[in-house]
Amino acid sequence: MSRSDYLATAAQLGHAQVIDVRWQLNEPPGTGRAAYEAGHIPGALFLSLEDVLTQPNPDKTLGRHPMPTAEHLSVGLGQLGIDPARPIVVYDEPGTSAAARAWWVLRWAGLDVRVLDGGWPAVRDGGWPAWLASGAEPETGPRAAPPVTVQLTTGHLPTIYADAIPTWPGSLVDVRAAERYRGEVEPIDAKAGHIPGAVNRPVAALWDAQGAMPDDETLKAYFCDLKEPLALYCGSGVSACQGILALAVIGIEATLYPPSWSGWSADQLHEVATG
């Protein structure tokens, strides 16, 4: 596998189904869709992370963004008109992690997906691909494709859940900001701290201001002292997918703990570490 198996450039957009997944934690509902309708890559469809890439579940130990069932995901993608036999490119804005979540969930469902390196600004700021006419403008407003019937299976990427964490043979990696890992602040979940035994590798520090993936040597240096196999978690299973994507680029398969800190801390029987 090479970098091009996971990341796409603007030049590749004409050969794939392009999906805009702009989303940020704690933003008002509809903000991502409004940004999409204000301007997006011509031909791109909008996919809602909250509506399709997660599924409500009353079991709080599954976290704030529980994994969707195969049926839920199939219906959501079918309504969008996505052909599972064709390659997909997903994108978001720098500083966010929705594209990585989409990449992970859709690959978990067996689809051929890449993340647009640099996201929306990679094409918006003077990088329109050659297949678009010179001086092309962003497309605005909604876009719809005819609904199709989709039948997906899940489990094509590895996951673990809480019962497997105490005996995990490698490194358990917390990718949240260091102050959240240490338990100094907790803006969202009921408890502050981290899972006992986890090490901290914040992923937000990896990407540059333009949202581009670091080079392979930078990635290898950042993760070099971790013991494989690796399992990653974050607050609710979204930004951890950025870490899994970065590791995949350098040839390391990592496992996702989907409930992440929100799920772990919701169980009163789980121990919490700080510092």
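Arginine 101 is buried but forms no salt bridge; glutamate 50, the nearest side chain of opposite charge, is 8.2 Å away. The model is predicted.

Me: How do you know that arginine 101 has no salt bridge?
Reply: A salt bridge needs a side-chain nitrogen of Lys or Arg within 4 Å of a carboxyl oxygen of Asp or Glu. The nearest side chain of opposite charge, glutamate 50, is 8.2 Å away.

Me: What lies 3.2 Å from a polar atom of the side chain of arginine 101?
Reply: The backbone oxygen of histidine 65. The cut-off for a polar contact is 3.5 Å, and this distance is 3.2 Å.

Me: Where is arginine 101 found, and what does it touch?
Reply: Arginine 101 is in helix 4, residues 98-108. Beyond four places away in sequence, its contacts include Leu49, Leu53, His65, Pro66, Val238 and Cys241.

Me: Why is leucine 13 called buried?
Reply: Its relative accessible area is 2%. Buried means under 20%, so leucine 13 qualifies. Leucine 13 lies in the loop between strand 1 (7-8) and strand 2 (17-20).

Me: How much of the chain is buried?
Reply: Buried residues make up 51% of the 275.

Definitions and conventions:
Residues are numbered from 1 along each chain as its sequence is written. This is a predicted model: local features need pLDDT of at least 70, side-chain atom pairs count only at pLDDT 80 or more; totals for chains, interfaces and linings use all residues. Side-chain values use heavy atoms; hydrogens and water are left out. Helices (H or I, at least four residues) and strands (E, at least two) are DSSP runs, numbered from the N terminus. Buried means under 20% relative accessible area, exposed over 50%, partly exposed in between (1.4 Å probe, protein chains only). Lys and Arg count as positive and Asp and Glu as negative; His and the chain ends are not counted. A polar contact is a pair of N or O atoms within 3.5 Å; within protein, one must be able to donate a hydrogen and the other to accept it, and residues adjacent in sequence count only if both atoms are side-chain atoms. Contact means heavy atoms within 4.5 Å.
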